[in-house]
Structures are given as structure tokens and as C-alpha cells.
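The following questions and answers concern a predicted model. Please consult the sequence and the structure as you read.

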Amino acid sequence: MSIPASFIQDLLQRVDIVDVVGRYVPLKKSGANFMGLCPFHGEKSPSFSVSPVKQFFHCFGCGKGGDAIAFLREHTGMEFMEAVQSLAQEVGMQVPQEDISPQQRAQRQAAKQQQDSLVDTMERAAQAYCEQLKSTPHAIDYLKRRGVSGAVSSRYGLGYAPAGWNYLASVFPDYTSRLLEEGGLVIHGAEDDKRYDRFRDRIMFPIRDVKGQCIGFGGRVLGDEKPKYLNSPETPLFHKGRELYGLYEARTDLREAGYALVCEGYMDVVALAQLGFPNAVATLGTACTGDHIHKLFRFTEAVVFSFDGDAAGQRAARKALEAVLPLVNDTRSVKFLFLPPEHDPDSFIRTHGADAFTRMVHAAMPFNQFLLQVASEGCDLGTAPGRARLSNQAQPLWNLLPPSTLKRLVLDELAQHIALPAQELEGIWQRTNAPASSGHPAPDGRQGHGSRWGERPPRQPWAGPGRGRPAAPPPASRRVEITTGPDQAVRLLLGHMALLERLDNDDWDALVHLPTPHGPLFAWVEAFHQAHGTQSWAAVQQQLDATGHRDWVQQLMSGPLGHPEDDPQAQHQELRSILKPLLTQRIRQLQTQLAQAYASDPGNQELRQRYQALLERSKNL
């Protein structure tokens, strides 16, 4: 909405920029102004000046400057409206609203109060977990064994949730408060009307928004129990597709380091901070999204994605590539770092040292090289058909880039590998009219997991010879007479979507590479779950109407075996028994592909290492 300029002027006259900046930067009086170390770049001598007379800040080192609103936006990553509302609330001013009815205004005010109450509840829980950690020796010992110091634990506000079922009842006098359920702290069993804590006997990682408010939690077990990691569910405050763990804590370090290091889990973030890389952040049990990237680019112009070197890491990297391409421009740097399969960032640094990891970061693969690598999969560039396939697979990725000089340079690189002049290649792509958002097919020719790369334009209905192409046939309707493992996996995961939270990347990789119709359905299910979180079967059913899977899935779900009613642990055990042979089958497929690739390139040690890693995975199933 539009805010009158007169209101902004009045607001800036009422706030004191020294107080606003002083909450984030230690300031000392120096003549008529206040001085401090600039929060926007690393420096040892103060060059950051705040003028109480002009109500203005300026850094003589990096050149950044502005009023109190500009400072909040630059330092905390707030949007303009967020910064205005934050300052207005401090001085008791009401931000003008568009012409709405008194009833609508009252509703908005009530919603705001409800949100504030929910934030207070989450902050109170975070403080309680933090205090509990201090008096729990075995939790402290666990963090010490992981190399986490007290200072790093304090930086991230780590805590401990006791093993009892109702610990939070000792923290909140009203354990039946709906705020505890809305915040995802307490689970209310509908059948037995009992309440119990969601997080029990876990190290707790508070998840904070850019304003530093606790909006959710991640919890990790201290042993090998499953699930190892547990996140807050989707709540009015917490949306995992938008939030990054550690972003609030790293906001200053991102600027000092000059880049954001995106890793795969919150334990990686804490370990990296301990080992000298406090500029690390992590997604929260979901693939990297455009919202994640947009939020990062508010703090830094350079992003390095760090992934494990196994198949699951490669798949996660491809999703990140697809998410970041629409936001790349001529001034932003995006790279991809792949660690050896046997290492995560923590183990790599402890084995090889921080300097070695720094060298790997600096030598990480630029996004354009990774784009070419992804688009080249399955392409023999020594043949015309192979180069044509590269063109087909590169086009939808290139289309995702916004107009820029960089986009043109990437086209030139691709054209060299396709062996066509760039202008001619661009003309061919324009004539094919491919969609701007699509995906890259997996090496076996099927569409990759959770991806739309390499997808061809929608086929037009058959209009006679020379007048178009026949429409793709819809998925065949299936009679559900004999249940199969994939059929039962569909019933379990659609009837009880909470089970999706317990699947890892390897599980998804096996499911989405199943033959039609199961593989495409599971790819859709994962995308739906990432976008909407855990939903009821009724909600999923409505969305199925827009897919080609509705009829056969409804047959499965309405049959005598639909909606298994066992307890959650039994359902999970049944799902694992189904997944084990599917994982074995998928590993064999990948081994076959790697063996064929290695036969044509016997000197490629990377292929050999990937094959050995698959053997180890097979042994551990």
C-alpha cells in the first residue's frame, strides 16, 4: 500500500537514529556525531558515523548511508513496509491504511495482536529450552563432542527439550492454550484428547526471522533415534520454503565475508561457525526456493551452494540452480561447491583444515559451468544428435535467466558446445517457443526428481497430417486388484502426509524414478508438499483434479486397502519396508549407468569414486 510522504517525514522526526543504530552497532561520542565500526563491511578502525542533528548515517569506508528506515532495511533485510511499521510501533504511531471499513481494520488489528502473542510464546519456549540446556550435562556433553563451544551455542541460542511428554506444562501455566498448538510446540491428539510436547529429548535450534524473532524450531536427537531431525510444522509464523536457518545470526558476517555459504542442515551451520565460517546458512528440510535466494540477495551479492558429492547432493544442486537462475544478473555471483561423498563441511574442515575448505570455496564451480554440466548429461558432443540433445536440454535453463549481458555470454558459451553461431541458436530456440520454466531429464531419459528441466512444450491435439502433433495420451486408468509396494506407498503417503517429513533425498530419488504412473505422481507429491506443507487427503484430492493422476489414485485410495489406519510408527515401519527394495533397485540403476560411463572413460576417478559410494550405500541398506 502507499504511505503518504508526510507520514514518513513525521516518523523520521520522532525516531532517534542514534537509538536505532545503537541497538545493532556499539557507538561512541565523537564531537557532534557518534562513531562505530561499520556493520556493512569489515574494518578495524571506526569509519561509520551517525549524526543526531541530521538524523543520518554514513560510512566513509564503503559509502553506505541513509536515514533510520534505510539502516533497518540494509542491516536487517527488512522490506520497506516492515521497517516503517517497526519504527512506527516504537514511537506509538499508527501507519496509515488504505480506505477499509472499521470491521476490516479491527480484524487486522486482532490478527496483529494474535501474531505478537504467538511470537511471545515462541520466545518464551526458546528461553526455557536454553535454560534447560545449562542444567543438562548429557546434552552439554553431546555438543562438546561435536566441537560446539559455549560461545557458538549462545550465538545460535541452542537449547534442550527434556525427554518428558509435558515439559512445557512447567513453562506455560495454561498448557491447553491454542497458542502452543498454533506455534507447533504442542500436539493435540484428536482421538484421545491428550496434549504432549512435539520436541522431546532433543537439542533445540531456534529458527529466527530477519528481525531476530523466534518463529520455529529444529530439534536433533542426541543418539541414533529416528527421525534424527525434526522441524516445526508450517504455522502462521513459520514457512520452511521462505526461511533460512542462521540468516539472522549471519547477517553481519555475510557482508564481512563477501558471500553466503548455503549448506544442507542447521548442524552444518553451527559447525561451520565454530570452525571459522559464520557466514553459513541452511534451508530447513526442503529444496532451495526462489524466496530463499531473494532473501539472501538482500544481504550479499555472492552465494556459494555447498552440497555433498553424492547423487542426492547433485539432485539438490539442480533444484538450487533452477531456483537461482531467474535472480542472477550481471552483478551477482553464484557458485556450486561439491564435497567428496565421504565428507560434509564439518568433517572436511576437521580433516583437511579451514584453509583447504576456503580454497574449495574460491574454486567452486560458477553457475554457468554447472548449467552446462547439467544440460550435457547424456549428450555425446562428438555427434550431431548429442549436440542437438544438449540444445534441447539447455534451452529451458537458459530461458530462466533474466535479460542481461550475462545471459548473452552464457548463450555464447552454450553455442560453442552446440557448434552453432549464437545468433542462429537463439533463433532456433525462439522458433521452438519452449516454456520459460522447465526441467532437465534424468540420465535414464525420464524427468528428474522434483524437476521440470528438459520438459517439451505441451503437445497440441491431432489436426491431421502436417497440421500439428497428436496429443499425449492421458495416464491409463488402472484396475486395483493386486496391491504392489508402490501402490501401498501412494496410500500411505497421501493418506498420512506427515510421513513425508521423514523421507530423505535418497528416498525421494527412488520414488520419483519409479516407472509411470508412480514416478511422475511422487514428483508431483513432493512439489505439492514443499509448496503447501502437510495437508489432508481431501485437500490433496482437490489438487489432483488438475493432474492426470486423479482417476487411478482415487481408485487406490477408495479401495479396501486405502487409508491405512495403523498407528504412526507402524505406518512408518511399513513404508520403510516398501522403500528398501526400491532403494536397492535405484542403486542398481545408478551403478549400471556409472559402469557404462566408466567403460567409455576408464581414467575418470570421479566416476570410480561415485561407484564405490553407491556400493557403500547398498551395504548400509
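Two strands count as paired if DSSP finds at least two bridges between them.

Q: Which residue in S10 does Met204 stand opposite?
A: Strand S9 covers residues 202-208 and strand S10 covers residues 214-221, and the two run antiparallel. Seven bridges join S9 to S10. Within this pairing, the residue in S10 opposite Met204 is Gly219.

Q: Which strands stand at the edges of the open sheet of four strands?
A: The pairing in this sheet is antiparallel, and the order is S6-S9-S10-S11. Two of the strands each have a single partner strand, so one side of each is left without a neighbour in the sheet. These edge strands are S6 (159-161) and S11 (229-231).

Q: At about what angle does helix H10 run to S11?
A: Helix H6 (residues 137-145) lies across S6, S9 and S10, at about 70° to S9. Helix H10 (residues 266-274) lies across S9, S10 and S11. Its angle to S11 is about 105°.

Q: Is H17 roughly parallel or roughly perpendicular to H18?
A: The axes of H17 (residues 405-418) and H18 (residues 422-432) come within 9 Å and cross at roughly 95°. Angles of 65 to 115 degrees count as roughly perpendicular. Therefore H17 is, relative to H18, roughly perpendicular.

Q: How many nonpolar residues does the contact of H17 with H18 have?
A: Residues making the contact include Leu411 and Ile418 of H17 and Leu425 and Trp429 of H18. By class, one residue of the contact is polar and three are charged. The number of nonpolar residues is seven.

Definitions and conventions: Residues are numbered from 1 along each chain as its sequence is written. This is a predicted model: local features need pLDDT of at least 70, side-chain atom pairs count only at pLDDT 80 or more; totals for chains, interfaces and linings use all residues. Side-chain values use heavy atoms; hydrogens and water are left out. Contact means heavy atoms within 4.5 Å. Axes are lines fitted to C-alpha atoms, for helices over the stretch in contact, and angles run from 0 to 180 degrees between N-to-C directions. Angles under 35 degrees count as roughly parallel, over 145 as roughly antiparallel, 65 to 115 as roughly perpendicular and the rest as oblique. Ala, Val, Leu, Ile, Met, Phe, Trp, Tyr, Cys and Pro count as nonpolar, Asp, Glu, Lys and Arg as charged, and the others, Gly among them, as polar.
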